[in-house]
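Work through the exercises below with the sequence and the model side by side. Try each task before you read its solution.

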Amino acid sequence: MSSTPATNGAGLVSISTLLKRLSTAESARAVPPQEVAAALALIFENRISPVQFSLLLWALHTTNFDHQAAVLAECAASMRTAGAQADKAALQAIVKRKARQEGAYAGGLCDIVGTGGDGHNTFNISTTSSIVASALLVIAKHGNNSSTSLSGSADLLQHAPTPPVIAATTAGNISQIYDRTNYAFLYAREWHPGMKYGAAVRKEIPVRTIFNLLGPLANPLHDTGLVEARILGVARKDIGQNFADALQLSGAKKAMVVCGDENLDELSCAGPTHCWFIHSSDGSVDGSDPKTTITTMTLTPEDFGLPRHPLDEVHGGKGPAENAAILMRILRNEMPADDPVLQFVLLNTAALLTVSGICEADESNMGPGDDGKVVQERGPGGLRWKEGVRRAKWCIKSGSALKQWQGFVEVTNSLSSSLP
């Protein structure tokens, strides 16, 4: 922060000066993003009073400062720094050893995540897509329990018929998990323990705050340099560019921010999706060029070779238990090929596979059940979206996605006995 904060006898830090500067949109424009991030970091150490914390969140909201790309990037970095830290060398070794390098995919970690808050209460698409994609990609799915929807990502997994112990996916255990499966769910409550200090205040604030936006940018493995590709869904079209800019500022080289035309934080199965694609400036898709650019484009289900489905056909169940049952039906290849929820999952899985670069391979050797017929056709952004769908279907039909899921369940249950 720009000046030394005052402390009181209880060890709390006063941010009164900052709050005064954030009191109006005009004066807030002169506040450095790093100063906001430093103030926000105080909550992770329980060093700010509930009153000043609530005023900070409210000021960021009312001045729209919490939507600025630099503020989002700096605050997300602060949140990651305060969280649990994995052994970078050990993680790099295991990811390198098992990396499936194919096409322009180098075998790094991938994530597909949304901000939530779109109000549509659709099925848990990004979580299911992350599991399906783990048949071909190494997944670091960041998620939490629901704060606004009927079923959050953690709620879904915890209600599976044989659930994983998601609390076992810790900084100390993450390498052991990747040794046995391509899939890991990074439970926000375990990786960002300092968030508990602000929980009560956040519940009292009647609007969405910056913390409702930071989760997708705060993947706890981001700073290992191993996160290669990601899809990030936002619930408002007017903040898509902000998030793309924030990802670019954070060093992302392969990513796509998406917002369905209905203000849906997924690729929409009902119509157009607005996209902000972060990729190498030289046009390559392998992330080798350190310079990146952002290309805006629109994707439709037809670009993936899929039909459209109204959103009221993809609500899934009424809660996490019913959604978990649907998840297992998908992984067991028990859903009809034309089921709207299945095709919604295929659409979003295909997007992650395509952005990862794996679809750039001109030959296909996924394994048993692969017909090897690479779909060469390119769509918006010059990418092979239909090849993504072909691969997503294989992930399910081959049983490979189910195998990765079962591996995650088994390894987390075996590690659960070591939890405190």
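**Exercise 1. Find the hand of the crossing between H7 and H15.**

Solution. Start with the rule: a crossing is left-handed if the near helix is turned anticlockwise from the far one by less than a right angle, and right-handed if clockwise. H7 and H15 make a right-handed crossing. Helices here (H or I, at least four residues) and strands (E, at least two) are DSSP runs, numbered from the N terminus. The model is predicted: local features need pLDDT of at least 70, side-chain atom pairs count only at pLDDT 80 or more, and totals for chains, interfaces and linings use all residues. Residues are numbered from 1 along each chain as its sequence is written, and side-chain values use heavy atoms, with hydrogens and water left out.

Next, the geometry. Two packed helices are described by the angle between their axes and the distance between the axes. The axes of H7 and H15 cross at roughly 60 degrees and come within 8 Å. Axes are lines fitted to C-alpha atoms, for helices over the stretch in contact, and angles run from 0 to 180 degrees between N-to-C directions.

**Exercise 2. Which residues of H7 and H15 meet, and of what class are they?**

Solution. Take contact as heavy atoms within 4.5 Å.

- Step 1: H7 brings Ile125, Thr128, Ser129, Val132 and Ala133.
- Step 2: H15 brings Val341, Phe344, Val345, Asn348, Thr349, Leu352 and Leu353.
- Step 3: sorted by class, the contact has eight nonpolar, four polar and no charged residues. Ala, Val, Leu, Ile, Met, Phe, Trp, Tyr, Cys and Pro count as nonpolar, Asp, Glu, Lys and Arg as charged, and the others, Gly among them, as polar.

**Exercise 3. How many residues of H7 are buried?**

Solution. Buried means under 20% relative accessible area, exposed over 50%, and partly exposed in between (1.4 Å probe, protein chains only). H7 spans residues 125–133, and nine of its nine residues are buried. Among them are Ser126, Thr127, Ser130 and Ile131.

**Exercise 4. Describe the largest nonpolar core.**

Solution. A nonpolar core is a set of buried Ala, Val, Leu, Ile, Met, Phe, Trp, Tyr and Cys residues joined through side-chain atoms within 4.5 Å. The largest one has 88 residues. Tyr178, Leu221, Met256, Phe304 and Trp405 have the most contacts inside it. Helix H15 (residues 340–356) gives the largest share of this core, 11 residues. A second, separate core has 52 residues, including Ile48, Val71, Ala246 and Cys259.

Now look at Phe304. Setting aside neighbours within four places in sequence, its contacts are Leu267, Leu299, Leu347, Ala350, Ala351, Trp385, Lys386 and Val389.

**Exercise 5. Where does Ile330 sit, and what does it contact?**

Solution. Ile330 is in helix H14 (residues 320–331). Ile330 counts as buried because its relative accessibility is 1%. Beyond four places in sequence, Ile330 contacts Phe123, Thr128, Met335, Val341, Leu342, Val345 and Ile396.

**Exercise 6. Which loops hold Asn263 and Asn333?**

Solution. Asn263 lies between strand S7 (255–260) and strand S8 (273–280). Asn333 is in the loop between H14 and H15. Asn263 is not a glycine, yet has a positive phi of about 60 degrees. Asn333, not a glycine either, has a positive phi of about 60 degrees. Asn263 is partly exposed at 27%, and Asn333 is partly exposed at 38%.

**Exercise 7. Is His67 buried or exposed?**

Solution. His67 is buried, because its relative accessibility is 11%. Its loop runs between helix H4 (50–62) and helix H5 (69–82). Not counting residues up to four places away, His67 touches Leu72, Leu213, Arg236, Ile239 and Asn242. His67 and Ala246 are 179 residues apart in sequence, but their C-alpha atoms are 9.6 Å apart.
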